[in-house]
Amino acid sequence: MRRLALAALLAVTSLSTIPFSMAWAGDLLIHGGPIHTGVDAAPTAQAVLIRDDKILFVGDLAAAKAKAAKDVRDIDLKGAAAYPGFVDAHAHLTGIGLRELTLNLDQVKSVAELVAAVKAYAAAHPEGAIYGRGWIETHWPEKRFPTKADLDAAAPGRIVVLGRSDGHASVASSAALAKAGITAATPAPAGGQILKGADGQPDGMLIDHAQSLVKDVIPPPSETLKREALRKAGQLYASRGWTGLGNMSVMADDLALLRDEAAKGAFHIRVDNYMDPSGAAEVLAKGPQTDATGLIRVRGIKLYMDGALGSRGAALLEPYSDAEGLGLQLTQRDQGLALMKKAKAVSAQVAMHAIGDRGNRMTLDWFEEALAGDTKARWRIEHAQIVADTDLPRFAKLGVIASMQPSHAIGDLYFAPARLGKDRLHEGYRWNDFLKAGVVVAAGSDAPVEVGDPRIEFYAAVYRHSLDGFANADWHLEEAVTRAEALKMLTLAPAYAAFREKELGTLEAGKKADLTAFDQDLMTIEPKAILTAQPVLTVVDGKVAFAR
Ligand SMILES: [Zn+2]
Ligand SMILES: [Zn+2]
């Protein structure tokens with residue numbers, strides 16, 4: 001009901017189908033539901049008045065009406081709740097769009113469903129190779145990886161390659177293995193594995209670097225497809241309630257396409273880009289940049305210190321509890337420090353992927369050395385998943401931001417106890433410990449590794465249970481945060497993490513008009529209900545980017 005009422009008020013036709021350039025030119029008056037401002041001193045308001053790209057007034061409805069211009073568009077929330085714009089602090093934009101435009105497997109819940117999805121896609125796309133991604137087998141009833149036999153049954157004779165959601169494995173069909181020349185005799189490349197069946201033949205599963213063997217079997221996305229992916233990802237994110245994101249490990253040509261799409265008026269949410277070292281020449285020479293639309297910014301570089309916990313690539317101080325080894329170090333010290341010093345010289349930010357406690361400690365050590373006493377650079381540790389007690393206060397001391405993914409915790413906590421053992425588990429996903437230590441925690445999804453949905457991140461942050469409501473005794477539920485803290489982690493903190501807290505992150509007069517509304521009040525409803533709240537309105541830079 002609410003949805004219909006809001007849609008009727010917003011538009012003659014559906015506003016979401018009106019080209020963005022035709023957006024309402026007058027004031028926007030938003031009221032009629034709880035409005036959470038994110039401001040501690042005045043956490044709720046009756047109305048928000050928007051003029052052009054800015055918030056003109058936040059407060060009571062009568063005062064807002066008095067200030068409104070004559071051509072004001074009235075948006076009655078009809079009980080829906082509004083918040084500062086939600087920002088995904090860490091995601092991968094091109095990957096999000098490509099996942100939508102190819103075979104998206106992120107909702108598949110069993111091998112049987114995977115086979116059905118491939119079968120349907122193959123029937124709808126009778127020509128060419130089939131590429132998909134997003135599957136993750138950890139909760140599947142069959143309790144096994146998919147194999148080439150599954151894919152051969154679903155799409156006989158076709159080339160099929162399907163990436164695991166975390167990017168650490170793929171499954172390939174017999175035709176794909178044959179095209180790539182992979183046989184029982186093929187040696188696995190360093191850092192990779194070719195899994196074999198009982199018959200000694202490759203079973204289709206390629207782990208980590210072994211995925212490079214099928215790289216040429218699937219043609220790389222064309223420029224046209226990448227442009228479409230960027231537009232699709234922008235629309236999808238707006239429709240989920242995101243007003244912006246931190247875009248990680250960006251290639252130079254993807255940035256050029258994104259700038260171009262935004263300049264053409266085809267892209268409508270904010271993107272702060274952190275460049276892959278291969279595309280970092282511009283930002284390391286000129287420092288942070290903003291395009292003419294103001295939406296697309298380049299903030300710095302993204303590096304990798306270590307791998308992931310699931311595949312035992314995270315760099316740990318003590319050996320894994322369930323296997324030999326201390327994990328991987330992916331950037332060498334001299335190489336990392338050289339890039340950091342270049343970044344420092346032009347006031348660019350460094351965002352370092354660090355998962356393990358050794359990965360995090362090394363990152364803090366290198367940051368400390370490169371920053372040389374500068375505590376205002378806002379360098380970021382991406383994931384900051386497992387952090388030793390003694391390193392926790394160093395984040396605040398160095399002014400380093402913890403950029404964390406609540407959804408990773410509720411997926412990883414199934415296997416993290418095995419990898420880390422009981423005594424180290426308190427080091428993991430310690431959102432509350434960080435907040436108590438005065439550290440800025442910016443939350444994000446890491447999509448397409450995860451779905452990329454603000455509801456899931458908010459739910460995981462406040463409840464720390466799996467999506468079906470499960471939590472084990474050893475999941476350290478005391479690390480769940482309050483609703484007010486979760487809201488900050490998804491609004492003000494990502495703004496701060498990209499040097500935008502003066503103009504974004506809260507609903508306050510004078511700030512840029514970015515706002516998100518859901519049909520339910522995330523601040524009060526039962527945790528489970530957070531997951532089914534519907535996004536109803538997304539405003540970016542004073543323009544309606546999505547409404548239903
Ligand atoms: Zn990462
Ligand atoms: Zn990532």
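Analyst: Tyr83 counts as buried, since its relative accessibility is 0%; buried means under 20% relative accessible area, exposed over 50% and partly exposed in between, with a 1.4 Å probe and protein chains only. This is a predicted model, in which local features need pLDDT of at least 70, side-chain atom pairs count only at pLDDT 80 or more, and totals for chains, interfaces and linings use all residues. Residues are numbered from 1 along each chain as its sequence is written, chains are lettered from A and ligands numbered from 1 in the order in which they are written, and side-chain values use heavy atoms, with hydrogens and water left out.

User: How is a pair of aromatic rings described?

Analyst: The distance of the centres and the angle of the planes describe such a pair. Rings of Phe, Tyr and Trp (its six-membered ring) pair if their centres lie within 6.5 Å; planes under 30 degrees apart are stacked, over 60 edge-to-face, and the rest tilted. The count here is 12 aromatic pairs. In one of them, Tyr83 and Phe86 are edge-to-face, at 5.7 Å centre to centre with 80° between the planes. Phe86 is also buried, at 0% relative accessibility.

User: Which residues do ring pairs link into a cluster with Tyr83?

Analyst: Ring pairs join Tyr83 with Phe86 and Phe518.

User: Where does the charged end of Arg378 sit?

Analyst: A charge sits over a ring if NZ of Lys or CZ of Arg is within 6 Å of the ring centre and within 35 degrees of the ring normal. The charged end of Arg378 lies over the ring of Phe499, 4.3 Å from its centre.
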